[in-house]
Amino acid sequence: MKRQTLPLLLTLLATLGPPAAQAATTGTLRFAGQVNAGTCNLAAGDENRTITLPTIKISDLDSTPYAGQLDFEISADCESDIRNVIFLFTGTADTGNGLLFSNTGTSKGTALWLTSRSPTLTIPANGTVAQRSRTVATSGNKAVLPLAAAYHKTGEAITQGSLASAVTVSITYN
């Protein structure tokens with residue numbers, strides 16, 4: 001009888017099948033992240049730069065208000081989503097002419113004249129933010145601003161000596 005019981009027992013077990021799976025809990029996965037706009041910085045050589053104007057003679061200012069103009073550029077390196085860079089210039093205005101940046105060097109009667117070159121417009125030391133700003137469109141992830149600087153008469157007698165002037169440039173971008 002043991003032989004007949006074994007097949008009956010095997011058949012009974014086969015019909016029961018595997019036990020049903022039970023879900024104990026469910027959950028939700030939440031994901032978070034942040035997408036930031038790109039950045040822009042003054043080019044490495046323009047962060048703290050000394051621009052040396054050519055040496056002039058007092059007589060170079062006899063018949064013109066400025067002399068020794070030097071053309072140069074400043075630039076900003078930007079990420080690909082930046083379209084415009086605004087360069088803002090600040091500094092101490094000359095006491096005799098607020099359009100000029102003061103000379104802390106030893107030459108009397110001279111100050112620094114700063115202009116943008118395209119178009120040629122004075123960047124006034126004591127101007128409004130709009131007057132002291134220049135907006136440049138980026139191209140190839142770079143914004144390049146052509147500038148010029150020169151010695152300029154202030155109105156007092158010109159003496160020999162050095163010109164020294166500090167102009168701060170800051171950038172914003174969009």
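Predicted model: local features only at pLDDT ≥ 70, side-chain atom pairs only at ≥ 80, totals over all residues.
What is the volume of the largest pocket? In this model the largest pocket has a volume of about 580 Å³. Residues are numbered from 1 along each chain as its sequence is written, and side-chain values use heavy atoms, with hydrogens and water left out.

## Two pockets

A pocket is found on a 1 Å grid over the protein atoms alone: it is an open set of points where a 1.4 Å probe fits, with protein on both sides within 12 Å along at least five of seven lines, and its lining residues have an atom within 4 Å of a point. The volume is the space filled by probe spheres set on the points, which are joined across faces, edges and corners.

| Pocket | Volume | Lining |
|---|---|---|
| Largest pocket | about 580 Å³ | 23 residues |
| Second largest pocket | about 200 Å³ | 14 residues |

Nearest the centre of the largest pocket lie Arg 49, Thr 50, Ile 51, Ser 165 and Val 167. Strands S2 (66-78), S4 (110-117), S7 (142-153) and S8 (167-173) each give two or more residues to this lining. Strands here are DSSP runs (E, at least two residues), numbered from the N terminus.

The lining of the largest pocket divides into 15 nonpolar, 5 polar and 3 charged residues. Here Ala, Val, Leu, Ile, Met, Phe, Trp, Tyr, Cys and Pro count as nonpolar, Asp, Glu, Lys and Arg as charged, and the others, Gly among them, as polar. For the second largest pocket, the division is 6 nonpolar, 7 polar and 1 charged. Ile 56, Ser 107, Tyr 151, Gln 160 and Gly 161 lie nearest the centre of that second pocket.

## Two sheets

Strands of a sheet pair through backbone hydrogen bonds, either parallel or antiparallel. Two strands count as paired if DSSP finds at least two bridges between them.

Strand S3 (84-91) pairs with S6 over 5 bridges, and Ile 86 faces Thr 135 in S6.

Definitions and conventions. Helix = DSSP H or I, 4+ residues; strand = E, 2+ residues; numbered from the N terminus.
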